[in-house]
Structures are given as structure tokens and as C-alpha cells.
Amino acid sequence: MDIPKQSNFKQVFIPNLPILKKQLILPFVVKKERPDIFHYLEPYGSIFLKHPKIVTTIHDTYLDFTYPLFSKHFATRIYCEIMRFGVFKNTKTFITVSQTIEKELKEFLHKNKVRLTPVVVIIPEAADSVF
């Protein structure tokens, strides 16, 4: 991975220990490094990570297609639901890829009483028509 050669960018490697990596090691490293902002690229992060400026990118709010509730992925689905709830609860700003996902996210957050007035920024994944 290329990181811009600037003093305010730093790459930190975390040992690859499946569940421990996100749930225990990541919060420890973030607390130690004290970044200005923390960005989750997916909504399944650590429920223990506390940071005043967490940004989370949301591509999809429904897990039904990825991990159907009644399937061989039942344990994974439950894990993802718990992690997602924790991340959503601690996120300051959300990035979504469309107005549809923004609407679904706001409905999900309101329905589950996670965050009643979320800050949501839409950044489309596709190139603009004038591109």
C-alpha cells in the first residue's frame, strides 16, 4: 500500500489474529497512536473502539443477501449484527454510496434507536456522467 509521504500519515500494522485483531488489538493501537480521525471502510469493526471522530463507509445496510439469517452463515450473521450495532453507535459521520443507501441507513438507525440524527455524506462509487 502506498501512503503519501507526509508527516500526518502513518501506516500501522496489526497482527492478523482473526477476532482479536478487530476487537482487542485495534482499540489498543488506536488509543496508543491517537489519530485525528478513524475511518472504518466497512461497518463491522470493534465494539470496544472509542474515538471522538469515527467515520464509517456503508455500502449496504441489509445483511439478508450476504448472510441469510437461517443458513450455514448463522453465527457470522449474528457476529456481524453485533459488530455493526457497536460501530454505528460510535460513528460520528457516515459515508454512503447513494441516496438509496442513505435512506436505508437513516431508517435502520432510527428504527433501532442507534442514532436519531446521523450525519451522512453521499460519495457515489461510479464516475459522473461528465467524466
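# Tyr44 and its surroundings

Visitor: Leaving aside neighbours within four places in sequence, which residues is Tyr44 in contact with?

Guide: With those neighbours set aside, Tyr44 is in contact with Lys22, Leu63, Cys80, Met83, Arg84 and Val87, where contact means heavy atoms within 4.5 Å. This is a predicted model, in which local features need pLDDT of at least 70 and side-chain atom pairs count only at pLDDT 80 or more, while totals for chains, interfaces and linings use all residues. Residues are numbered from 1 along each chain as its sequence is written, and side-chain values use heavy atoms, with hydrogens and water left out.

Visitor: And where does Tyr44 sit, and is Tyr44 buried or exposed?

Guide: Tyr44 is placed in the loop between β1 and β2, and counts as buried because its relative accessible area is 17%; buried means under 20% relative accessible area, exposed over 50%, and partly exposed in between, with a 1.4 Å probe and protein chains only. Tyr44 is 22 residues from Lys22 in sequence, and their C-alpha atoms are 8.9 Å apart in space.

Visitor: Let me back up: how many helices and strands does the chain have?

Guide: The protein chain has three helices and four strands, which from the N terminus on run α-β-β-α-β-α-β. Helices (H or I, at least four residues) and strands (E, at least two) are DSSP runs, numbered from the N terminus. Buried residues make up 34% of the 131 residues in the chain.

Visitor: What about α3, which of its residues are buried?

Guide: Ile101, Glu102, Glu104, Leu105, Phe108 and Leu109 are buried in α3. They cover an arc of only 165 degrees around the axis, which puts them on the same side of α3; the arc is that of the directions from the helix axis to the C-beta atoms. On the other side of α3, Gln99, Thr100, Lys103 and Lys111 are exposed.

Visitor: Why would residues three or four places apart point the same way?

Guide: An α-helix has 3.6 residues a turn, so residues three or four places apart point the same way.

Visitor: OK, and what covers the buried residues of α3?

Guide: The covering elements include β2 (54-58), α2 (74-90), β3 (93-96) and β4 (119-122).

Visitor: Switching to the largest nonpolar core, which residues have the most contacts inside it?

Guide: Phe38, Tyr40, Phe88, Phe94, Leu105 and Leu109 have the most contacts inside this core, which has 17 residues. α1 (18-33), β1 (38-40), β2, α2 and α3 each supply at least two of its residues, and the largest share, four residues, comes from α3. A nonpolar core is a set of buried Ala, Val, Leu, Ile, Met, Phe, Trp, Tyr and Cys residues joined through side-chain atoms within 4.5 Å.

Visitor: Which residues are closest to the centre of the largest pocket?

Guide: Of the 27 residues that line the largest pocket, Lys10, Val12, Ile37, Phe38 and His39 are the closest to its centre, and α1 gives the most to the lining, with six residues. A pocket here is an open set of points on a 1 Å grid over the protein atoms alone, where a 1.4 Å probe fits and protein lies on both sides within 12 Å along at least five of seven lines, and lining residues have an atom within 4 Å of a point.
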